[in-house]
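Dear colleague,

Here is the structure I said I would pass on. Please look it over alongside the notes below.

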Amino acid sequence: MFKLRRFLRGYKVQLIVGPLCKLFEAILELFVPLVMAAVIDNGILRNDLGYVLSMGGVLVLLGVVGLSAALVCQYMASYTSQGAGTKIRNALFEHIGTLSHRELDELGTPSLITRMTSDINAVQANIAMTMRLLLRAPFLIIGALVMACFIDLKISLIFFFASAIIGAILYLVMSRSLPFYKKVQSLVDRISLLSRENLEGNRVIRAFSKQRAQQEALDKEGGNLAKISIRVGRLAALLNPATYVVTYSAIALILYFGGKQVDGGVLLSGDIIALTSYMMQILLAMIVLANLVVLLSRGNASAARINEVFEVEPSVTERSTSPVKPKENAPKIEFSGVDFTYGDGDNELENISFTIEKNTFTGIIGTTGSGKSTLLSLILRYYDTSSGRVMTDGVDVRDYPFSQLRGNAGVVPQKSVLFSGTVRSNMLWQKPDATDDEIWRALEIAQAAEFVRELPNGLGSAVAQGGTNFSGGQRQRLCIARALVGEPELIILDDSFSALDFATEKALRTELLKMKNTTIIIVTQRCSTIMSADKILVLEDGKLEGEGTHGELFESCSAYREICLSQLKSSEVPR
């Protein structure tokens, strides 16, 4: 929690006034037993109704003032905790946005979602309860002990002895239960992962009739979470019985020894009532303190998980935010001796060198797992090369600010991702100020204009979360159109025709090639898609097996020839 204190800046007044108000309430609460003692000794025993009423008014006044102070503290605590929580959530989201694909892969989406939600909520609760109780509970315990000493020093020894036993019970229970809280959060991560996979892959699960197997997997993880939670609950369940036994035993001793003191004229009846009240205050304060320790422990565990994300440094960072001037006569893309590994020791790409000229159509083909998508990730610097360099317009991609490097490229990833909103709002991702004419132009090229016009509200038609109200082919065409809005200088299509029929793909490809001042890179599994490309790159096991036109590669590259002949008859392959 201490590392997150920077998010409390701007709440200095609330952090001071709130706990002080709660401390003031605790001071007033310590006076209540003394007033009650006075009512009994000076009012009830002497039949002085006026005194009883006047002291009753004092009790009401103490209650009203104490309530007002508590409400002020409650407001301050809520204001501070919610404000700090919002700051943490925004900062965490912003930091996650700076991480490269490598860090996101390592942290995992479900874990990040848990940290953004339940962990931050735990930290918010931690801040609020700390402001409300951290000063109050210890002060009440110490104050009650001091007040008991003023009433009778000998009987106050019972208070110290009982408080020590209650403290030992709290320590034993808490020390054994605290280690489980971090395990609980890890299991919540696991359940979040399974839930996300089941929700996203619901259709696949149904297709393979795996509902029961997935349910069993979730039940297993839920069972593990339940076991740990029950174990912690059993330990926590010991708190109340054990502490109440000690407290009421102490009260019995106070009444026994105090009664003797009253008989001997050393103490008054009201003093015994006051001592009993102070003992109950100590008990309640101890229980509150125990719950606060639990809350603080959970909050600290959650804060540690949040700090783990903040401490992750992005492996891909901007060297400068100043725009870079491209070189006019340089190739659009150039790879020079590029090696790349995801960190497991094996190279995904090895000694890759090639150039892609401006305003050309380049195809990339290869078997599954050959490194095609990885190669594209290096162009836009989602990852950095392990060795060698990648250049765009004659400048190392590491010298570009991200906004310039990626802002001039339209990218369509393998998985078609649409965001909830409207067709128009999705089309404005590439160019926020694009006109409707530009959007329709992109939709025409992507062969999506026809079905968008048939929608009830055209561009204003709703897009469900994930684009589930569109077919796979429609989602893919909308994603392609989104990348084409504004006609960027570089268009990268990563196996983005997989859901399209051959006629639609051919029409789309024909329209793409009509675009001017645009470099097109298409990764595909279909050799027919790239036969007309100006250059084809053939990847095999992370190595560049061939480079050239279709005719050149069919004659000289066995890997490319095998791909072509596996999809087409020899007589159908143009030479």
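Predicted model: local features only at pLDDT ≥ 70, side-chain atom pairs only at ≥ 80, totals over all residues.

The model has an open sheet of 6 strands with mixed pairing, in the order S6-S9-S10-S3-S11-S12. Its edge strands are S6 (409-412) and S12 (543-548), each of which pairs on one side only. On average, neighbouring strands of this sheet are turned by 15 degrees against each other, direction ignored.

At the S6 end, S6 pairs with S9 (residues 490-494) in the parallel sense, over 4 bridges. In this pair, Gly-410 stands opposite Ile-491 of S9.

Helix H21 (residues 558-567) lies across two strands, S3 (361-366) and S11 (535-540). Helix H21 runs at about 95 degrees to S11.

Helix H5 and its two partners

Helix H5 (residues 136-151) packs against helix H6 (residues 153-177) at an angle of about 155 degrees, and their axes are 6 Å apart. An angle over 145 degrees counts as roughly antiparallel, so that is the relation of H5 to H6. The crossing of these two helices is right-handed. From H5, the residues Leu-145, Ala-148, Cys-149 and Ile-151 take part; they meet Leu-153, Ser-156, Phe-159, Phe-160 and Ser-163 in H6. By class, this contact has 7 nonpolar and 2 polar residues, and no charged ones.

The axis of helix H1 (residues 12-44) comes within 10 Å of that of H5, and the two cross at roughly 30 degrees. H1 is therefore roughly parallel to H5. The crossing of H1 and H5 is right-handed. Residues of H1 in this contact are Lys-22, Leu-23, Glu-25, Ala-26, Ile-27, Glu-29, Leu-30 and Leu-34, and those of H5 are Arg-136, Phe-139, Leu-140, Gly-143, Ala-144, Met-147 and Ile-151. They divide into 10 nonpolar, 1 polar and 4 charged. Ile-151 of H5 is listed in the contact with H6 and also in the contact with H1.

A loop residue

Leu-428 lies in the loop between helix H14 (423-427) and helix H15 (436-445). Is Leu-428 buried, exposed or partly exposed? Its relative accessibility is 23%, so Leu-428 counts as partly exposed. Leaving out residues up to four places away in sequence, Leu-428 touches Ala-434 and Ile-439. Between Leu-428 and Glu-511, the separation is 83 residues in sequence and 21 Å in space, C-alpha to C-alpha.

Regards

Notes: Residues numbered from 1 in each chain as written. Heavy atoms only, no water. Pairing = 2+ DSSP bridges. Axes fitted to C-alpha atoms, helices over the stretch in contact; angles between N-to-C directions. Contact = heavy atoms within 4.5 Å. Buried < 20%, exposed > 50% of the residue type's maximum accessible area, 1.4 Å probe, protein only. Parallel < 35°, antiparallel > 145°, perpendicular 65-115°, else oblique. Left-handed = near helix turned anticlockwise from the far one by under 90°. Nonpolar A, V, L, I, M, F, W, Y, C, P; charged D, E, K, R; others polar.
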